[in-house]
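Trainee: I would like to learn how to read a structure feature by feature. Please take me through this one.

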Amino acid sequence: MKRITAFYFITLSFFTQIVAQDTYTNPIKNSGPDPWVILQNGWYYYMNTTGNDLKLWRTKNLGQLATAEVKTIYKPEENKLYSKQLWAPEIHFLDKKWYVYFAADDGNNLHHRMWVLENVNEDPFAGDWILKGKLTDPGDHWAIDLTVIDYKGKRYAAWSGWENYNNVQQNIYIAELENPWTMKGDRILVSEPAHDWELHGAVPLEWQKNTGEPPVLRVNEGPEFLEKNGKLFIIYSANACWLDYNLGMLSFNGSGDILAAKNWKKHPQPVFAQSATNNVFAPGHNSFFKSPDGKEDWILYHANPTATDGCGNKRAPHMQKFSWNADGTPNFGSPVSKKPLPLPSGMHN
């Protein structure tokens, strides 16, 4: 009887360890504004805003991102138009080369533009990262948060920008790309803040004094493409990162001209909003990834632990699985609680 009992407890202990190994808990890293991840050759390559440089992480288990291998892949020269405030970097594998898109300026936010790095090495942790230049529209407008997608044989970019050259509101624009660092034609406006849940960008008085910003900033930013069965979605962040950030959605049904604004439809309600119950506040600036076995769709986003943490480094990356509605639209649900959850299918410690 003692032997049976001992065997039972040893077996139970082993099973418990296995279960624990196949779980993760949000946030998956203590800090990480504007998280981005891509799966390539079995590795998850991850980036987030670090401010004055660009860092790249890689891991096969995103639940262990906090201890993953990390390398600074780019430190800009001083006194350049791209030396300061490096925001929302994304790494993409295009035409058998690596590219990183990032927003940067010279210390003056009015000068924020998108910049592109290239690495021809198969391993993004090796080789040299070369600045290809500025990726901008013909009018050279303020721009941040650019992402790209290959769709039906063409390459497109989406980003957040201003209509003119002063900060009144941030809109979502798209354009076709001639190559990874050159825009083909002009930008097309596909979304501007219009619904009540996009219009909460009240600017703190002290911020107004220090920056000259208007009392209210209307914000659409952080666009990310998501494709399913030929339908294309842009999931974007609305409101302000210092308030009740949330995610909105634009839909393109796959027919007609993708560069015609009329063919993009905005969902009337946010598709992902904060959960006070689970202490997940201001969720936004997301990206998407597949599980290692390709069977599951996951969203990666940053969020704050309290409602008053603002736009600083308390923003940390969270991830969760999502599903699809009968009409073909994504269903993100609500931010999950900070308790152990199953890892993506096929991912193990």
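Mentor: Start with strand pairing. This is a predicted model, and in it strand 15 (residues 231-238) runs antiparallel to strand 16, joined by seven bridges. Within that pair, Ile 234 stands opposite Leu 250 of strand 16.

Trainee: How many bridges join strand 16 to strand 17?

Mentor: Two bridges join them, and strand 17 (residues 265-266) is also antiparallel to strand 16. Here Ser 251 faces Lys 265 of strand 17.

Trainee: Which residues point each way from strand 16?

Mentor: The general idea is that side chains in a regular strand alternate between the two faces of the sheet. In this case, Asn 246, Gly 248, Leu 250 and Phe 252 point one way, while Leu 247, Met 249 and Ser 251 point the other way.

Trainee: Is strand 16 enclosed or open to the outside?

Mentor: Buried means under 20% relative accessible area. Seven of the seven residues of strand 16 (residues 246-252) are buried, so the strand is largely enclosed by the rest of the structure.

Trainee: What does the count look like for the chain as a whole, and what share of its residues is buried?

Mentor: Of the chain's 349 residues, 51% count as buried. The chain has two helices and 22 strands. Among contacts between residues at least 6 apart in sequence, 53% join residues at least 24 apart.

Trainee: How should I read backbone angles?

Mentor: Most residues other than glycine have a negative phi, and most peptide bonds are trans. Departures from that pattern deserve a look.

Trainee: Where is Lys 152 found, and is Lys 152 buried or exposed?

Mentor: Lys 152 is in the loop between strand 10 (143-151) and strand 11 (154-161). Its phi is positive, near 50°. Lys 152 has a relative accessible area of 58%, so it counts as exposed.

Trainee: And is Ala 282 buried or exposed?

Mentor: Ala 282 is buried, with a relative accessible area of 6%. Ala 282 is not a glycine either, yet its phi is positive at about 50°. This residue belongs to strand 18 (residues 281-290).

Trainee: Which residue takes a positive phi in the hairpin of strand 6 and strand 7?

Mentor: Asp 95 does, with phi near 55°, in a hairpin that has two residues between the strands. Strand 6 (residues 84-94) and strand 7 (residues 97-105) are antiparallel, with seven bridges. One of the pairings sets His 92 against Tyr 99 in strand 7.

Trainee: Where is the cis peptide bond that involves Pro 27?

Mentor: That bond joins Asn 26 and Pro 27, with omega about -10°. Pro 27 is in the loop between strand 1 (23-24) and strand 2 (36-40).

Trainee: Last, how much space lies in the largest cavity?

Mentor: About 40 Å³. The count of cavities of 30 Å³ or more is one. The residues lining the largest cavity include Met 114, Asp 137, His 141, Trp 159 and Met 183.

Terms used:
Residues are numbered from 1 along each chain as its sequence is written. This is a predicted model: local features need pLDDT of at least 70, side-chain atom pairs count only at pLDDT 80 or more; totals for chains, interfaces and linings use all residues. Side-chain values use heavy atoms; hydrogens and water are left out. Helices (H or I, at least four residues) and strands (E, at least two) are DSSP runs, numbered from the N terminus. Buried means under 20% relative accessible area, exposed over 50%, partly exposed in between (1.4 Å probe, protein chains only). Contact means heavy atoms within 4.5 Å. Two strands pair if DSSP finds at least two bridges between them. On a 1 Å grid over the protein atoms alone, a cavity is a set of points where a 1.4 Å probe fits but cannot get out, and a pocket is an open set with protein on both sides within 12 Å along at least five of seven lines; lining residues have an atom within 4 Å of a point. Grid points are joined across faces, edges and corners, and a volume is the space filled by probe spheres set on the points.
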